[in-house]
Amino acid sequence: MTQAPAHPLKPIWSLLAAAALIGVLWWHAAVLAPFVISLVLAYALHPAVDKLVSWRLPKSVAVTVCLVLLALVVATLMVLLVPIVSQLVPALRDQLPDLLVAIWGKVAPVLSQWGIKLPTTVDALKAELVKLVQSHAAQWSGTVWTSLLIGGSSIMTLAGLAVLVPMLAFYWMLDWEALTGRFRSLLPARWRPLAHDVMAECDELMGQYLRGQALVMLILAAYYSVGLSLFGFNLALPIGVFTGLAICIPYLGYGLGLVLAILAGLLQFGVGNTEATSPVIAIAVVYGFGQVIESFFLTPRLVGERIGLHPLGVILALMLFGRWMGFAGVVIALPVAAFATLLGRRLLRAYRSSDFFLAQQAGE
């Protein structure tokens, strides 16, 4: 008895249904963002929860302990910003005019040699600034007001996520086995071994990534703190530790730490101070060597290259998740992108071993 051929429109309807589902999810991305972030957080923490449960700790207590420890790490990172801000803001307020004048005195002659006509004296520079402010005051005030409104809403959104995400993660982890069991029961029986293999590979990948990344962060926090302190930076410890911990956000964390170090060095040592070590040279040595250590030694050896993301893919993932979910999306961009890369590799292998692909290859 021959099997009836599949309906020719069935694949089309499946694609349309998948496209509709993706469209609905995209349309409600802002609402689903806390659930996605909390799910990623629960997935990352559930091995630690299982470990605590194996030590005869109740499940709810184990989940609470893991979330509290994570909150302490985040709070430590935020607390490190307090001495940085409390010391940099008054110094910036008092020294910014002189700092800008000193920088301008060095930059203006160089630009003049290139044919760029700029004010060369402080009085001329002040007159140009006053003229610029008076001619664009209305436009700038509207832009600043809009930015304040957007910034205020973003702060409220982050505050809401800070409360909602841990609560959702608590319930995810509390019922993790039941939820994953229900998901597996929805899969056809012939797909379950494949799904089990994919999740096992993903668990191994994520475990290696998270353990290695945590070790890299601790090593770099110590390195930047010691390196800046050797050059006499007053804020060496908070800036160094902040830079090391912020490395978990590729490019953005390193760039923010670099900007803070440059700003602290210029305010502490001044511009062109021959009696003190040049802050620009000191920062170039510390942060340049730190980037070499991280890129060529720490990350390849401790994290490994199994995550399989090209630098262009890393940047694209950060931009996309930042656009979809804001700052929280930037934090989870790499783990989610790594999981998507893993699925993509398996789909590519399945395609290359399919009858369609093999038939096309044979027909060439």
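Helix 6 and helix 7 pack at an angle of about 150°, with 7 Å between their axes. Keep in mind that this is a predicted model. An angle over 145 degrees counts as roughly antiparallel, so that is the label for helix 6 and helix 7.

**Helix 6 against helix 7**
- The crossing of these two, helix 6 and helix 7, is right-handed.
- On the helix 6 side, the residues that meet helix 7 are Met217, Leu220, Ala221, Tyr224, Ser225, Leu228 and Ser229.
- Helix 7 brings Ala236, Leu237, Ile239, Gly240, Val241, Thr243, Gly244 and Leu245 to meet them.
- Sorted by class, the contact of helix 6 with helix 7 has 10 nonpolar residues, five polar ones and no charged ones.

**The nonpolar cores**
- The largest nonpolar core holds 29 residues, and Leu88, Leu228, Phe233, Ile239 and Tyr287 have the most contacts inside it.
- Two or more residues of this core come from each of helix 3 (59–113), helix 6 (192–230), helix 7 (236–246), helix 8 (252–269) and helix 9 (279–303).
- Apart from this one lies another core, made of 23 residues, including Leu52, Cys66, Leu205 and Met206.

**Tyr287 and its partners**
- Neighbours within four places in sequence aside, Tyr287 touches Tyr224, Leu228, Ile239 and Thr243, residues that also take part in the contact between helix 6 and helix 7.
- Tyr287 is also in contact with Tyr254, Gly257, Leu258 and Ala261.

**Leu252**
- Leu252 lies in helix 8 and is partly exposed, with a relative accessible area of 46%.
- Its C-alpha atom is separated by 9.2 Å from that of Val330, though Leu252 and Val330 are 78 residues apart along the chain.

Definitions and conventions. Residues numbered from 1 in each chain as written. Predicted model: local features only at pLDDT ≥ 70, side-chain atom pairs only at ≥ 80, totals over all residues. Heavy atoms only, no water. Core = buried A, V, L, I, M, F, W, Y, C linked by side-chain atoms within 4.5 Å. Buried < 20%, exposed > 50% of the residue type's maximum accessible area, 1.4 Å probe, protein only. Contact = heavy atoms within 4.5 Å. Axes fitted to C-alpha atoms, helices over the stretch in contact; angles between N-to-C directions. Parallel < 35°, antiparallel > 145°, perpendicular 65-115°, else oblique. Left-handed = near helix turned anticlockwise from the far one by under 90°. Nonpolar A, V, L, I, M, F, W, Y, C, P; charged D, E, K, R; others polar.
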